Structure formats: C-alpha cells, structure tokens
Amino acid sequence: MEGGLGVQQLDFSNEKDSEEYIIGEILAIYFSNPANYYKVILVKIDSTNTKVKETQTIVTGNFGQIQEGDPYKFFGKWTDHPKYGLQFLSTKYIKEKPSTEEAIITYLSSPRFRGIGKKSAEKIVETLGLESLDKILEDESVLDSVPGLNQAKKSMLLSVLDKEQGMQKIIIALNNYGISNQLAYKIYQRFEGETLAVIQSNPYKLIEEIEGIGFKRADSVAEEIGIEGDAPERIKAGILYTIEEQTMKSGDTYVEADFLLEQSLKILEDSRSFIINPDLIAGIIIELVDMQNIIQEETRFYLPSLYASEWGIAGALERLMTSADKETIKEKAIDKKIKQFEKRRGITFGSSQKEAIRKALTSSVFLLTGGPGTGKTTVLEVIVSVFADLHDLSLDPADYSNEPYPVILAAPTGRAAKRMKETTGLPSSTIHRLLGLTGSEEDPMQETDRMLKGSLLIIDEMSMVDTWLAYQLLKAVPNDMKVIMVGDKDQLPSVGPGQVLRDLISSEMIEKKELTEIYRQDDGSSIVSLAHEIKKGQVPADFTGKKKDRNFFPCGTNRVVEVVSLLVTKAMEKGYTAQDIQVLAPIYKGHAGIDNLNKNLQNLFNPKDERTKEVEFKDKSYRIGDKVLQLINEPERNVFNGDMGIIKGIISSKESENNVEELVIDFDGNEVNYLRNEWNKITLSYCCSIHKSQGSEYPMVILPIVYGYGRMLKKDIVYTAITRASQTLLLCGEKSAFIKSVSENTTERSTSLSMRINSDKEEESVTLKINPPQKKTNNNVVKTNYVLTPSDIDRDSVDPMIGMEEIRP
C-alpha cells in the first residue's frame, strides 16, 4: 500500500496496563473539527482499568477516521470539567479489531465495504484466517489468494482499511516516538500516508516542516529509528539547525566559524549522551558548503537566502543609483515650491528640513531619518507635493483609473501603512501587499516577481524591514523610480535577521539627512523631550515628576499588575476606551508579563457576566468585544502582522457552515472570520509586546519597566515604547530599572550589508579555517569556493560559456 512503508516493522501492541483506559462502542460523535481532528464523542463503556463506575461517558481528544457503532480502546485520564462534568481525556486510542470469525465477517460485509457481501467476506476469512485484517494491512498481495475478488473490490477494500486502520497506526507510531497526539496530527496533516516513510527517510525534515518541532524532538525520533549519534545526516541537521536558530534568535545574518562549530557540537551532545569528534563536524560543514546548503565567506557562514538577499540589496541599490536618469531640477525651482507650500500652510521650515527636501528631490535613493517630533511626516508631505508640482502630476487618485498612481507609499505593517495614509492623505499599503506576497506559513520565503509602476516610492518605518523583505522590495523597483526610505535608526531593529536601515546609513554610499531639531514641543509635550534624552543615554532629573502628559508610579515586579490595573481603571473613569489605551511590555511570561497582564486587563475592559458569550482556546478565553492582535501577514484577507481588531461575533459549530466554531473579527471595518484552527493567528492585545507596537501610535501608553524583565532592559526597547505615546505616557516600575535600560545598548547585529554596498568587487576565493574547541584537527582545512554575485555579472568577469568548453553545436 502506498504510504505504508515501515508500518509492518512497528509493534502497536505494547500498551502498558498501568495506563488508564476505557474500552467501548462509540454511540455518537457530538463534535468534529476537520482541521485538527478534535472530536467530542459519546462512548458506551464495556470495560476499564479505572475505578469509575459510569456505563457511558464523554471522550474528548484528537481522533482520525472513527466510526459510530465501532469499538475502540481509549488511553488517557479522567477529568472533571467545570461546566460539563466528568469526561475522559484521551491521548491515544486503538481500534478494537473483530476477534472472531463471525465478527470479522460482519465487519467486512458492513456497508462501509461496498461490493463486499457476506459471501466475499466469508471467503476472505476462510482464506486468511482470524488475522485477516493484519495480513491485508501488512501485505496487500495476500488478497490475490482470495478467490472471486476482482481488482475493483481489492482496491476498495484496501482504501477503506487504510483510512480506518492506516492513519490510526501512524498516529500510534508517532506516539511511540514520544510525539504528543496534537503534534502527531499536525505531522499527519502535512505528510498524510507518507508520514512514516518521510520519518524513516529523514526525521530531521520535521524541523523544517512542522512548527513546534526543534532539533531535540526530531533527534529523539531519529534515535528511535536507529540513526547513530555520529551519522552524517544527524550532524548535518545539527549544523543547519544551529545557523538557522542563531540567525532568527539574534537577528544576525551570519555566524562565525568558531561559533558554528562550538554551538553545533553543544546542540548535538546536549541532545544525546554521545561524544562527537569536532573534526567530523568540521568536515561536514565543508560538505554543506560544497552543496551550497550554507554559504561560506572567509570565516562567516550564511544561509543561502540571507547571503543572496544582502548581495541583492547591494546590487539593486547600485543599479538604481547608477542607471537612473540624472535629476536636472535646480535647487532654485525646489526652493520656490517650498516657499509656496509654506505660504499655503502658514508654516516655516527649518534649514535642516529644507536641506532634506532638496536632497530627497535630487537623489535617486535617499534616506530620511530622525526621532519623534523632528518633522519627518511634514517633510514627506512637502516632498510629495513639490515632486508632483515639478513633474506636473496630479495627486488625486481619481485621475488614475487607467494608469498607476505615481506616488507609492508603503510600510512593513498594516497599522504603520494606515497611519501613513492618515498623515499624508494618500493611498498606502503594506510592503507585502505591494509586492503580492502572501506571507503565508506554508511559504514564508516566497519570492516576488512583480515590478512596481510609478515615479516615486516612499517606505516608512524602515527600521522594521528585515534583510529578506528589503531585497524583495528593492529588486521590484524599476530604474527610473525614485526611492525614499524613512525611519528612526534608534528604534528596535527588525524581528527578522538584519539591521537594514542602520547598515544603509553606515555604508555612507547613500544620500541621507538626519533631522535632529525638535518641532513638536509647542504644545508643552514632555514625551518627545524624554525620548530624545533616552536616545542620548540619559534619564532627565525630572523623570519621576508629574507632567502635563506623563507621570511615573513606583512599584516592584510583584505589584505591576495591581498598579497597571489601577491606572487603567482611573483612565476608563475619565472616558478612555480599550482602543485609546495600550499597555506595553517586553516579555510574555512571568507575573509582569504580557500574558498575565492580558488576563487581568480583559476582566477590566471586558468583564464576564451571565450573558457573556465566550470560547476557550488553549490557555485563553475570547469574548465578544475583546481587543485582539493579528500575529501573521494575510494579504489575501487584507489583515497584517500587528493589526488590531475587535471580536464582533462568536459562531458556534452548529451555526457554522464549516461545522466548527468561528470568531468574527473587525479590523477597522474589514470583518474576517477565523475558524477554530486559525485562532493561533491572533492573541489578546490589551497588552502587547513593544516589537508588535512598532509603527503604531496610541493616545495613552502605559509602560511598566522592572528588573523582572531581565535582559530585555535595553535602551532601544524603552525608546521604542515611549515613542508610541501620542498624548499621554504613564510609566510604572523601578526607576533604577529605567536607568539601567537607558545605559544598556542593544548589541549590534552581525551583518555584511554595509560592507557589500561599499564593495567594488567580490573576493574570488574564500578560505575556510575551522579550529575545533579542545581538540586539534590534523590539518587546517583550506577550501576555495567561487560564488557568482551580481557584481560579477555587471563587470562581465564570468565567462558566459563557463562549464561548456567541450560542448559543440
């Protein structure tokens, strides 16, 4: 049977009697979620090894193709549900096979086996005996010995048995490998009948394909199926896991040779009690480089996607700066238009703002940076207005029904794009939507083949753009399009690897202007001045003093929830809503973490009463009226990472067309339905992470900072959080923790982008020298590796007939 590889080698009968179980017939299936196989079923209890005297019970868990009327053995434990009473929570199960000739004949002649009547069933049992079902599942060719069975009947028989027994055996096999039922069904959903074949072939594939499986779990499966501790496939998986995990965790775009070797060794030896020779790891690193699974440059090692992205960014910038038509607009014409704008708006620009406007309009690529209150938004508005006047362009979208709008505005998140639209009055979108990228979990590294159309591209919140996304964006820009990138270099870098904005600035190859003069202080705001003090690494003397727009409330870690709750209550009494107030915190776990704060804030903003409609999901409850946060990009739904919405409806499984519970969430007028298996894409957002808040502003921000936040006490984290407040900032926590945060700079990420932008040519050879820890290798390994880069192509340094010397037409 297809997908049955390895099943016959597994023992499914070694269940321990010490495990609690019940055996019985399924009377009814009350609820079934096809997305994750979760079911609620009613079972008539025939026997059990527990002390419970019930004759029937509710059984819950993840089950495959189970049938009403069939007997099963369920393993698990009894639980007392606060609402539904005594239930049996099943972690795994086995179908009780018919054990007598009469039972097997009845089973095979049942309606599920269409075309197999009683006579055919009798012939199968007569030929194959009491072990008929096991024999058929182990070797389908045994059916050839049964007289009177044509191919159609054989195929139908195998198909039904495979559905009913095959999936069950796969799940049990995964359970025997130490994989939980929930994770086992996630694996089965991905590989289906090929699950065991995939695992037998390469269990480390689970790391790449299944969220929630890391190296240790995949390695324990590998050990179960007999992969030795020093097997090449295990060492390769450990090395690749090391570099992937480190780049995602640290934000670096590469790892150094010594780190790669030492950390790979640690991961491999921590996972199993098996001593690995460092020479073996060094040799396999070289193999991976030869196969281009990782890219090596001097002592630096890259994932191919990050290596290509860095070179792609550098190549795209060089293309845009060298091939674009030279701007012939004179500064006098620009100054004239600036004066006209000033007169229309009744404002006067400072000298640094005017300089920024001139540079932006006369450069093919331009960087505009500055902190809060320095007038970046106003400068952008002037740039767009003057650009349109100088090129005789209309800014009315209605004038472009049959052609592209000339000015493209985009940002990394939906909220940032929305704020950009609100401040400029012009159309804007997320970068993902602009490029036609889905951002789906199935294909997170999807490439764009779209070429943008228009005359001017402006990207806001550039500090949030990671290396891969920056490459996708810049390669889509045509030669004749002007690019302006806007951001604050002192904010948190991107969640993904890289620090693109900082690297572009430090390269000194791109025209730029940093706005430093503060303009947003005429209303008596102290939030902006506090942000700029923190930016300098200082805490002002009046930090704890009460100001018109900010205040400080001292408390320790254990009192954060209490103080935040009190501040929220007082704000609500003054008319503030959940949409006006945003609590920010840097970590999820712990007493003062996001998860705990959200539970308490939910009860303040949206308390539960006897009329409240509520659903539970994992450790959270969702109610109509709850404020929630989108965690991933879904352009096809027009919902993006960081978007906040309100739960407007809860649809029960009985009311749902999909026979599963649904949440209806309103994202600023865009209503989206989420099936239960999609609820991991959202979370409560009365309190959210500082990273998730980037690109947004809120009327009131409440920010606790305490020593309980540990290593997250960093200057850029506090600076980013403070700059989210547009009207009121309420600080609470320990003053000394704030001082420590301001003095702690976030470690610069290890990237090569700035070097690549400045590089005239790529090195033709690369030397790899790996020095294993503690032990010495017999020889230093020297490897020459040639890598084709964009600059090689531009310089025609590569023979187009390379590799074809002996080939003739």
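Lys39 is buried, with a relative accessible area of 7%; buried here means under 20% relative accessible area, exposed over 50%, and partly exposed in between, with a 1.4 Å probe and protein chains only. The residue belongs to strand β2 (residues 38-48), where strands (E, at least two residues) and helices (H or I, at least four residues) are DSSP runs numbered from the N terminus.

The model is predicted, and local features need pLDDT of at least 70, side-chain atom pairs count only at pLDDT 80 or more, and totals for chains, interfaces and linings use all residues. Residues are numbered from 1 along each chain as its sequence is written, and side-chain values use heavy atoms, with hydrogens and water left out.

Two strands pair if DSSP finds at least two bridges between them. Strand β8 (residues 300-302) runs antiparallel to β6 and is joined to it by two bridges. Within this pairing, Val255 has Phe301 of β8 as its bridge partner.

The loop between β7 and β8 contains Glu298. Its phi is near 55°, a positive value in a residue other than glycine. Most residues other than glycine have a negative phi, and most peptide bonds are trans. Glu298 is partly exposed, at 32% relative accessible area. A second case is Asp668, whose phi is positive at about 50° although the residue is not a glycine. Asp668 sits in the loop between β21 (662-667) and β22 (670-675), and with a relative accessible area of 56% this residue is exposed.

Charged pairs come next. The structure holds 43 salt bridges, a salt bridge being a side-chain nitrogen of Lys or Arg within 4 Å of a carboxyl oxygen of Asp or Glu. One of them pairs Glu562 with Arg559, with the closest N and O atoms 3.3 Å apart. Glu562 is partly exposed at 48% relative accessibility, and Arg559 is also partly exposed, at 39%. In another, the side chains of Arg623 and Glu614 meet at 2.8 Å, N to O. Here Arg623 counts as buried at 6% relative accessibility, whereas Glu614 is partly exposed at 21%.

Lys714 and Glu744 form a further salt bridge, their closest N and O atoms being 3.8 Å apart. Lys714 lies in the loop between β25 (698-705) and α24 (715-722), and Glu744 in the loop between α25 (735-743) and α26 (753-758), so the pair ties together parts that are 30 residues apart in sequence. Glu744 is partly exposed, with 29% relative accessibility. Salt bridges that share partners also join Glu297, Glu298, Arg300, Glu310 and Arg756 into one network.

A cavity is a set of points, on a 1 Å grid over the protein atoms alone, where a 1.4 Å probe fits but cannot get out, and lining residues have an atom within 4 Å of a point. Grid points are joined across faces, edges and corners, and a volume is the space filled by probe spheres set on the points. By this rule there are two cavities of 30 Å³ or more.

The largest cavity holds about 50 Å³ of space. Its lining includes Ser463, Asp488, Lys489, Gln491 and Arg502. By class, this lining has four nonpolar, four polar and three charged residues; Ala, Val, Leu, Ile, Met, Phe, Trp, Tyr, Cys and Pro count as nonpolar, Asp, Glu, Lys and Arg as charged, and the others, Gly among them, as polar.

The second largest cavity has about 30 Å³ of space. Asp595, Asn598, Lys599, Asp619, Lys620 and Leu684 line this cavity, and helix α22 (residues 594-605) supplies the largest share of the lining, three residues. The classes in this lining are one nonpolar, one polar and four charged residues.

Notes:
1 Å grid on protein atoms, 1.4 Å probe; cavity = no way out; pocket = protein on both sides within 12 Å on 5 of 7 lines; lining within 4 Å.
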